[in-house]
Amino acid sequence: MVNVQEKIPVVIKTGKNPQTHSLYAELDMIISKVKPIYTAEGFSVSFDEGVDAPTEHIRIKADVIHKLGHK
């Protein structure tokens, strides 16, 4: 994981949130930058809806799994 974190570049914030007037890094841009790095180190990431989200919210969880079985 340390090797992955050392290699991940800064992702430019190009998305614009009209409600908060802020910028954010778009998910497709993040994935395109980091996926080749973490997969080369034996990691995979899966997403799922979490539980216990507040009303009118969706909780998303990410599982980071190493090829040796660590999660």
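View 1. D63 counts as buried because its relative accessibility is 18%; buried means under 20% relative accessible area, exposed over 50%, and partly exposed in between (1.4 Å probe, protein chains only). The model is predicted: local features need pLDDT of at least 70, side-chain atom pairs count only at pLDDT 80 or more, and totals for chains, interfaces and linings use all residues. Residues are numbered from 1 along each chain as its sequence is written, and side-chain values use heavy atoms, with hydrogens and water left out. D63 lies in strand β4. Strands (E, at least two residues) and helices (H or I, at least four) are DSSP runs, numbered from the N terminus. Leaving aside residues up to four places away in sequence, D63 touches S44, V45, S46 and K71. Contact means heavy atoms within 4.5 Å.

**View 2. The largest nonpolar core has five residues.** Its members are V4, V34, I37, Y38 and F43. Helix α2 (residues 27-40) gives the largest share, three residues. A nonpolar core is a set of buried Ala, Val, Leu, Ile, Met, Phe, Trp, Tyr and Cys residues joined through side-chain atoms within 4.5 Å.

**View 3. M29 is partly exposed.** M29 sits in helix α2. Its relative accessibility is 34%, so M29 counts as partly exposed. M29 and G15 are 14 residues apart in sequence; their C-alpha atoms are 10.0 Å apart in space.

**View 4. I58 is exposed.** I58 belongs to the loop between β3 (43-49) and β4 (60-66). I58 counts as exposed because its relative accessibility is 64%.
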